[in-house]
Amino acid sequence: MNTGVWLIGARGSVAVTSMIGALAVRAGLAAPTGCVLESPELRDLVRPGIGDLVFGGHDITSVPLDKKAAALAEAGIVPAALVRAVHGDLLGIEQDVRPLPPAAETPAPPGAVHAPAAGGTAAGTAGQSSGATQAEVARAIGADLDRFRRRHDLDRVVVINVSTTEPTPPSHPAHADPDALQAALAGPDPVLPPSSLAAYAALLAGCPYVDFTPSTGARLPALDTLALRLRLPYAGHDGKTGETLVKSVLAPMFAQRNLKVRTWSGVNLLGGGDGANLAQPGANAAKAASKQRVLAETLGYAPQGETRIDYLEDLGDFKTAWDLVTFEGFLGTAMRMEFTWHGCDSALAAPLILDLARLTASAHRAGRTGPLTELAFFFKDPLGPVPHALAAQWQALRDFVTVLGAEDGEETPEVGR
């Protein structure tokens, strides 16, 4: 049951850590720590397994995967011994990492100044002077996906966006209808942000799509309709790996104990390419909004305070979050709590990428279509009207995995093969 995992941003830290991890687990060189599907309650219920995953992807940079892996080892993100052990396999994956096709410029609000995302893992902005329409770019992406599928005789390919965060794009009338979108993409003006263009291309190529970023991705009415029309699942948004993970546990505690949260403020410090990209105001605003949403939707009101994201180059791929919560108890007694989270972004995200690839492929195999709301456990800003409390999301995921395991067997027809 070989399953393709096509990563948008394939030369970035999260993508390469995911590749190293999958290769190491497959070879028996590392334990699948952090992989939710390898927890005792869920193990062996979902196919494909980690060893069945085949990697490829797009990126705008040309840094070889083995060089990126060596840099990750030097930074203390992955063990150097593992990088040496999987070096040959990384060279093999290198053959399936393609330059992103030349794209028309990302749509921007009037008066905005476009700046390419830092860090070398952007989903778009390459080759802006080529004059290619977004329809042509989508066809080129689809052709790469089809070659990858045929080259490895894959049962299916899941496209996962792990590129840098985009600003929220301006609305466009074509975002509401797939037929209008198809017509608009053939014109000279950009219509979709890069993440949504990748989602559009993936769906047309018969590939389920997952957005691990807070970028727009498939979260447009036209793309939802297209996914349903083509009987394809999609999932997102914004992987939950640090501060928001803690919020999704603590916020329900305050709500269930009927304690009034007065303020909740957080400061996030991070380096690396993602941190550099989030120094851009538009990307920063999109990320901060995603991180803060869990509070209002869990508590039923929005406490004072905000989430701030600051770039510190020296931190590299590591991140630190400090939160201050003030709350009110019985008879108005004022109280407070603080917590600090220090983690490695790629090491936290990579096992979730493997989980999401496996779950989305299994859902596609079982004939699921449209948004996979049951995967809310993995996301800060999940699709659909779902609870933000981690315990409720965990129960929904367990139920979903159990059903997928019971239904596993009958293949669904492939689209675009």
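Reader: Is threonine 213 buried or exposed?
Author: This is a predicted model, in which local features need pLDDT of at least 70, side-chain atom pairs count only at pLDDT 80 or more, and totals for chains, interfaces and linings use all residues. Residues are numbered from 1 along each chain as its sequence is written, and side-chain values use heavy atoms, with hydrogens and water left out. Buried means under 20% relative accessible area, exposed over 50%, and partly exposed in between (1.4 Å probe, protein chains only). Because its relative accessibility is 4%, threonine 213 counts as buried.

Reader: With which side chain does the side chain of threonine 213 make a polar contact?
Author: Threonine 213 is placed in the loop between β5 (209-211) and α8 (221-229); helices (H or I, at least four residues) and strands (E, at least two) are DSSP runs, numbered from the N terminus. A polar contact is a pair of N or O atoms within 3.5 Å; within protein, one must be able to donate a hydrogen and the other to accept it, and residues adjacent in sequence count only if both atoms are side-chain atoms. At 2.7 Å, the partner is the side chain of aspartate 211.

Reader: Which helices and strand do the buried residues of α2 pack against?
Author: In helix α2 (residues 65-74), the residues Leu65, Asp66, Ala69, Leu72 and Ala73 are buried. They lie on the same side of α2 because they cover an arc of only 115° around the axis, the arc being that of the directions from the helix axis to the C-beta atoms. The face turned away from that buried side carries the exposed residues Lys67 and Glu74. With contact meaning heavy atoms within 4.5 Å, the buried residues of α2 pack against α1 (13-26), α3 (80-85), α4 (87-94) and β3 (97-99).

Reader: How many residues of helix α7 are buried?
Author: Helix α7 spans residues 194-204 and is largely enclosed by the rest of the structure. What covers its buried residues includes β1 (3-8), α5 (134-151), β4 (156-161), α6 (178-185), β5 and α8.

Reader: Which residues of α12 does α1 meet?
Author: The axes of α1 and helix α12 (residues 345-365) come within 8 Å and cross at roughly 65°; axes are lines fitted to C-alpha atoms, for helices over the stretch in contact, and angles run from 0 to 180 degrees between N-to-C directions. On the side of α1, the residues are Ser13, Val14, Thr17, Ser18 and Ala22. Those they meet in α12 are Ser346, Ala349, Ala350, Ile353 and Leu354.

Reader: Which residue is joined to proline 48 by a cis peptide bond?
Author: Most residues other than glycine have a negative phi, and most peptide bonds are trans. Proline 48 has its place in the loop between α1 and β2 (53-59). With omega about 5°, the cis bond joins proline 48 to arginine 47.

Reader: What is the relative accessible area of leucine 331?
Author: Leucine 331 is placed in the loop between β9 (318-328) and β10 (334-344). Although leucine 331 is not a glycine, it has a positive phi of about 65°. Leucine 331 is exposed, and its relative accessible area is 77%.

Reader: What share of the residues of the chain count as buried?
Author: The chain holds 13 helices and eleven strands. Of its 417 residues, the share that count as buried is 53%.
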